[in-house]
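Student: Could you take me through one part of this structure in detail? I would like to look at the pockets and the helix that helps to line them.

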Amino acid sequence: AGGLNTHSVYLDKEMNRIGEQKLYYYKENGKTYRIKKAIDYRNNTTTKVREEVPKNNGNPEVTDEVRIVRDKNNNIVRKEMMTHSEVTGAYDHKYVYPDGTEKVITTARRFKENGKDVIHKDMTSLDGTRTQYNLEFDQNGNKKLEYKITDKKGNVLMNLNRSMERLSENKVRTTNGDKVYDVTFEADKFTIQEKGKDSIVVPLLDKKKDAESGIVIEGDKSKMVALLQKLPADQLMAIHNIVRTIVECEGNQSSYLPALNRIKTINETFTILHETGHAIDFRNSSPFKCNASINNDKDLQKIFNKEKKAFNDAYPDAQRNHIGYFLKGKQGNLAEVVAETNALRDSYTQEMYLAKRNQYLQQFFPHTIAYINDKLENYNN
């Protein structure tokens with residue numbers, strides 16, 4: 001049992017009602033939930049979002065969402081339904097039409113017989129751009145990712161084919177398109193061997209004074225080395241080229257500090273890849289050269305703001321809040337979009353509260369992601 005907590009009404013500049021939202025809280029089985037019921041009069045849609053609100057002011061997790069789209073005669077066009085999947089960090093998302101037919105947008109499954117998790121997405125953005133995403137991985141570190149973005153005219157904006165194969169306890173093979181890398185790990189170093197090129201040896205150090213010759217690890221070194229083993233070779237090379245220190249941390253304290261070229265990260269692949277994205281973004285920046293970062297690219301800002309406006313025009317606060325982290329400020333929080341894109345190019349989040357923002361970013365900002373991907377792929381140029 002619960003009750004109405006707030007009722008908000010939204011008005012345009014002429015004081016016309018354009019939407020409203022009600023919030024309800026209730027408890028069930030010792031957990032607290034929040035229901036958002038939103039009406040968007042601009043687009044004739046209604047939304048119901050249910051979130052689990054953790055204790056100690058933690059980040060809420062969307063457990064399920066239903067959005068109903070109606071035409072001008074108030075007939076239902078479709079129901080958009082999103083629920084937790086079998087895979088932590090991913091949703092099952094589908095459109096259900098009045099005749100009972102369904103269109104699967106996202107599905108994620110765990111296959112016990114071979115130990116594989118599979119996340120499949122086939123999304124269409126507001127301007128008709130299609131995102132096709134297929135990630136397969138197991139608990140041994142083997143992984144395959146296909147990630148393609150095609151605009152409505154058939155132009156391919158991005159086409160990633162990446163894989164990782166564990167060859168032995170301390171050796172992995174990763175691919176990026178036609179590039180093949182073997183990476184070998186030892187207690188105090190790792191070696192990257194790109195096919196047809198000289199090998200690169202990266203020392204893993206304990207003392208800051210030696211940081212120029214390698215990467216200093218602060219915290220549980222064996223745990224951080226095990227985390228590095230889960231990263232593809234080109235991401236490891238970016239860390240080698242830019243980062244001087246990796247610090248193990250707990251909770252939500254992960255960060256990148258450009259002044260010290262230092263990554264703080266929890267023991268989770270998506271998180272360290274997100275922080276590596278910040279490192280690539282700010283690699284040439286300083287207090288005196290702030291425009292050198294990717295997120296300050298004027299063409300990128302134009303692309304992002306166009307998709308941001310389209311999204312804000314189509315969705316109310318109930319959905320905007322899912323990606324509010326990226327929409328802050330006049331230009332939006334583009335530095336975080338760059339970092340998140342880097343993580344999405346190789347992994348998925350295991351933090352369920354982040355899953356909603358990944359889902360919406362991938363579907364509704366494909367041009368932004370494709371542009372950033374090109375910058376990340378070619379950052380050395």
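Predicted model: local features only at pLDDT ≥ 70, side-chain atom pairs only at ≥ 80, totals over all residues.

Tutor: Start with the second largest pocket, which holds about 450 Å³ of space. Its lining is made of 20 residues. Find Phe137, Asp138, Lys230, Thr269 and Gln350, as these lie nearest the centre of this pocket. Now sort the lining by class. Five residues are nonpolar, eight are polar and seven are charged.

Which elements supply at least two residues each to this lining? They are strand S10 (130-138), strand S12 (156-168) and helix H3. Keep H3 in mind.

Next, move to the largest pocket. About 640 Å³ of space lies there. The lining counts 28 residues. Asn252, Tyr325, Tyr353, Leu354 and Arg357 are the ones nearest the centre. By class, the lining of the largest pocket has eight nonpolar, 12 polar and eight charged residues.

Several elements each give at least two residues to the lining of the largest pocket. One of them is a strand, S19 (255-257). The helices are H3 (269-281), H6 (324-327), H7 (334-344) and H8 (352-364). Which element gives the most? It is H3, with five residues.

For contrast, turn to a strand. Five of the six residues of S7 (residues 91-96) are buried, so this strand is also largely enclosed by the rest of the structure. S7 has a partner in strand S6 (residues 76-84), and six bridges join the two in the antiparallel sense. Within this pairing, Lys79 has Val96 of S7 as its bridge partner. S6 and S7 make a hairpin with six residues between them. In the turn, Gly89 has a positive phi of about 100 degrees.

S7 also pairs with strand S8 (residues 102-111), antiparallel again, over four bridges. Here His93 has Thr106 of S8 as its bridge partner. This second hairpin has five residues between its strands, and Gly100 in the turn has a positive phi of about 95 degrees.

How values were computed:
Residues numbered from 1 in each chain as written. Heavy atoms only, no water. 1 Å grid on protein atoms, 1.4 Å probe; cavity = no way out; pocket = protein on both sides within 12 Å on 5 of 7 lines; lining within 4 Å. Points joined across faces, edges and corners; volume = space filled by probe spheres on them. Nonpolar A, V, L, I, M, F, W, Y, C, P; charged D, E, K, R; others polar. Buried < 20%, exposed > 50% of the residue type's maximum accessible area, 1.4 Å probe, protein only. Pairing = 2+ DSSP bridges.
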